[in-house]
Amino acid sequence: MSLKRIVQFWRSGFIVISIMTLLSVSGCSDISSEEVPFVDSEDEVQVQQQNTKENEEEIINTCLHLYENAAEENKIADLEVVRSIVNQFGENGYSAVDSKNQVDMTQADQVVEFCEIVETQGEAEITIIEVGYSGGFVKYDLNTKDGKVNVVNTCYKYENGNMQREATISYQAENWSYTKEGYLMFSGVWFSEELYLLTLSGAEEHTALRVQPLDETYRELSRKYLLSIGFEQNNMFLVDWSEDDFGELNFYDMFDLLYPKVYGTNIPYVADDNLGVGAVYQIPKDDFERVILPYFNIDSETLQSKTIYNAEDKTYEYKPRGFEEVEYPEYPYSEVIGFTENGDGTLTLTANVVFPYVGDSKVYAHEVVVRPLENGGVQYVSNRIIPSEDNCEETWHTPRLTAKEWDEIYGGK
């Protein structure tokens, strides 16, 4: 089932929790697609899955002690722990990378060679390990012949001193590319009997693994300034804007995003339980500006002009996103590929937008100017989309309703 179809289910009111559970973790459901193989023959499936099980013990023993130590220190999700696990796999001859592409892939030359064999329609096989941040990893067993790539995807999770195999799915890659930006991206569809009964279709599987190394400074800048904003329900990196002209930057979306960072808790201004009713809040001026002003060099008057402000009682009108403003649950991320230190103390970051869901390692490129602050904070100065005929239109973002649209849906309720 495509994500577009799922969103249509949401908006029609037909949410099936079982479906969302099956699709919530990429490839790591409790359903195995072994019943419906996506390869040339059932014999090939059985051989590939047998090979998968034979090297399972060896792979688990490679890293089990690191997971044990990390669990004892409560550092399973720590970047440096994940890095040590990736490197341990590499020292044992495996190609490995982390699920957030924040660690250089080990034994990357093996993957490059495999991709070359796919291109020349030769025959080869490889195992790639993707280390996660929740105490486990995914093992991709790939084999290729005549230009086709078969995938057996096995998920493992560390619990109570043991590494348990949670699920195995298999499919033939429908899309496969080794991009000029240095990513291996592939996708396909897998089936299971239970999933088919619920959706009458299969589940899409999308994988993006950075093969080529990236300067660690670039990754640190991405984590510090870009990944913390991201693309979910905001347009900060989708439109051109600057301190001189904030353009179409939506400060209500920024309020949603930045509120937990400022107050350390979830935003309390939520949609009405009745989906047919549009909630409206009047947020005190100081409370609203306390969220926005630390992150932007903007005065109260300018912020008021970009929002709905009630001068009489000194409040900002706020309408939380509702049922009609949901987005596809798949987002790209920005990856810094270069930066410049400016004379005024700001940094200009050049970044590619990577979108695993569509197999694109450069949807477009953009420049983000940030102003690091002495207290460790940051102000966002501008965003500029770098023009290119290769730029793709974003497909994941749903803008907030306009005043007219809101009135048409919720007016009088």
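**Exercise 1. Find which residues serine 361 touches, leaving out those up to four places away in sequence.**

Solution. Serine 361 touches Thr179, Glu181, Tyr183, Met185, Asn352, Val353 and Val354. Keep in mind that this is a predicted model.

Serine 361 lies in the loop between strand E14 (347–354) and strand E15 (365–372).

Then look for polar contacts. The side chain of serine 361 makes one with the side chain of threonine 179, at 2.8 Å. Another goes to the side chain of glutamate 181, at 2.6 Å.

**Exercise 2. Decide whether serine 361 is buried or exposed.**

Solution. Start with the cut-off: buried means under 20% relative accessible area. Serine 361 has a value of 2%. Therefore serine 361 is buried.

**Exercise 3. Apply the same test to cysteine 63 and cysteine 115.**

Solution. Cysteine 63 has a relative accessible area of 0%, so this residue is buried. Cysteine 115 has 7%, so this one is buried too.

Now count disulfides. A pair of cysteine sulfur atoms must lie within 2.5 Å. By this rule, the count is zero.

**Exercise 4. Work out how strand E1 (residues 95–98) is arranged and joined to strand E2 (residues 124–131).**

Solution. First, sort the side chains. Ser95 and Val97 point one way from E1, while Ala96 and Asp98 point the other way. All of them are buried.

Second, check the pairing. E1 and E2 run parallel, joined by four bridges. Valine 97 has glutamate 130 as its bridge partner in E2.

Terms used
Residues are numbered from 1 along each chain as its sequence is written. This is a predicted model: local features need pLDDT of at least 70, side-chain atom pairs count only at pLDDT 80 or more; totals for chains, interfaces and linings use all residues. Side-chain values use heavy atoms; hydrogens and water are left out. Buried means under 20% relative accessible area, exposed over 50%, partly exposed in between (1.4 Å probe, protein chains only). Helices (H or I, at least four residues) and strands (E, at least two) are DSSP runs, numbered from the N terminus. Two strands pair if DSSP finds at least two bridges between them. A polar contact is a pair of N or O atoms within 3.5 Å; within protein, one must be able to donate a hydrogen and the other to accept it, and residues adjacent in sequence count only if both atoms are side-chain atoms. Contact means heavy atoms within 4.5 Å.
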